Amino acid sequence: MKQQKDLQKSYPNVKFEYEWFDFTFNKSYKDYEQLNRKFKDYDISILINNAGLLEHQYFLSVWWESAEDMLYVNALAPLLITREFIDRLRSWKYRSAIINVSSSGGMTPMPKISYYGASKAYLRSLSLALY
């Protein structure tokens with residue numbers, strides 16, 4: 001990925017690791033435990049939740065499977081991964097951070113993004129509650 005190369009070039013003394021993790025497929029808490037175990041030998045100081053799904057349709061026009069995926073990826077997955085990694089971040093000897101990328105769609109109700117907006121409002125609320 002170009003972003004990975006650019007990031008490594010900008011910070012040559014920092015080791016970056018990336019993991020492909022499909023939030024629409026990995027829905028069990030055990031999947032998140034396994035991800036945490038995979039990185040057990042790494043000092044993790046920042047967790048960035050940047051995944052998101054959006055289907056631009058009226059509420060009743062969205063297929064249930066699509067609605068479920070949006071709610072899962074935008075709300076439940078960040079909760080599960082935060083829950084799994086938060087102890088490691090809190091025990092980090094320096095500063096650490098959890099960055100949840102949300103959307104203005106979670107602050108202003110809009111008819112064609114009702115599921116997305118609700119899930120992003122949840123993510124914002126979770127983020128504020130963790131502060």
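These are my notebook entries on what I looked up in this structure.

**Overall layout**

I am working from a predicted model. I began with the secondary structure and found 4 helices and 2 strands in the protein. Read from the N terminus, the elements run α-α-β-α-β-α. I then took the extent of the C-alpha trace, which spans about 50 × 30 × 30 Å along its principal axes. The protein has 131 residues, and buried ones make up 28% of them.

**Largest pocket**

I went to the pockets next. The largest pocket has a volume of about 1,400 Å³. I noted that 36 residues line this pocket, and that Glu 17, Tyr 18, Glu 19, Leu 47 and Ile 48 are the closest to its centre. Which elements supply at least two residues each to this lining? I listed helix 1, strand 1 (46–49) and helix 3 (64–91). Helix 3 gives the most, with 5 residues. I also sorted the lining by class: 24 residues are nonpolar, 7 are polar and 5 are charged.

**Second largest pocket**

I put the volume of the second largest pocket at about 220 Å³. Its lining consists of Ile 86, Leu 89, Arg 90, Ser 96, Ala 97, Ile 98, Asn 100, Ser 127, Leu 130 and Tyr 131. By class I have 6 nonpolar, 3 polar and 1 charged. Helix 3, strand 2 (97–100) and helix 4 (114–130) each supply at least two of the lining residues.

Leu 7, Tyr 11, Val 14 and Tyr 18 make a nonpolar patch of about 360 Å². Tyr 18 is also among the residues closest to the centre of the largest pocket. I looked at Val 14 in particular. This residue is in the loop between helix 1 (2–10) and helix 2 (29–38). Is Val 14 buried, partly exposed or exposed? I have it as partly exposed, because its relative accessible area is 38%, between the 20% limit for buried and the 50% limit for exposed.

**Salt bridge**

How many salt bridges does the structure hold? I count 1. The partners are Asp 41 and Lys 40, whose side chains meet at 3.4 Å, N to O. Side chains of opposite charge can pair when their charged atoms come close. I checked the accessibility of the two partners, and both Asp 41 and Lys 40 are exposed.

I looked up two pairs of residues that are separated along the chain. For Thr 24 and Met 70, 46 residues apart along the chain, I have a C-alpha separation of 8.5 Å. Thr 24 is in the loop between helix 1 and helix 2. Its relative accessibility is 30%, so I count Thr 24 as partly exposed.

The other pair is Tyr 29 and Arg 83. These residues are 54 apart in sequence, and their C-alpha atoms are 9.7 Å apart in space. I place Tyr 29 in helix 2. Tyr 29 is partly exposed as well, because its relative accessible area is 31%.

How values were computed: Residues are numbered from 1 along each chain as its sequence is written. This is a predicted model: local features need pLDDT of at least 70, side-chain atom pairs count only at pLDDT 80 or more; totals for chains, interfaces and linings use all residues. Side-chain values use heavy atoms; hydrogens and water are left out. Patches are made of residues with over 30% relative accessible area and no salt bridge: like charges are joined within 9 Å, nonpolar side chains (Val, Leu, Ile, Met, Phe, Trp, Tyr) within 5 Å. Accessible areas come from the Shrake-Rupley method with a 1.4 Å probe; for residues, only the protein chains shown count as cover. A salt bridge is a side-chain nitrogen of Lys or Arg within 4 Å of a carboxyl oxygen of Asp or Glu. Buried means under 20% relative accessible area, exposed over 50%, partly exposed in between (1.4 Å probe, protein chains only). On a 1 Å grid over the protein atoms alone, a cavity is a set of points where a 1.4 Å probe fits but cannot get out, and a pocket is an open set with protein on both sides within 12 Å along at least five of seven lines; lining residues have an atom within 4 Å of a point. Grid points are joined across faces, edges and corners, and a volume is the space filled by probe spheres set on the points. Ala, Val, Leu, Ile, Met, Phe, Trp, Tyr, Cys and Pro count as nonpolar, Asp, Glu, Lys and Arg as charged, and the others, Gly among them, as polar.
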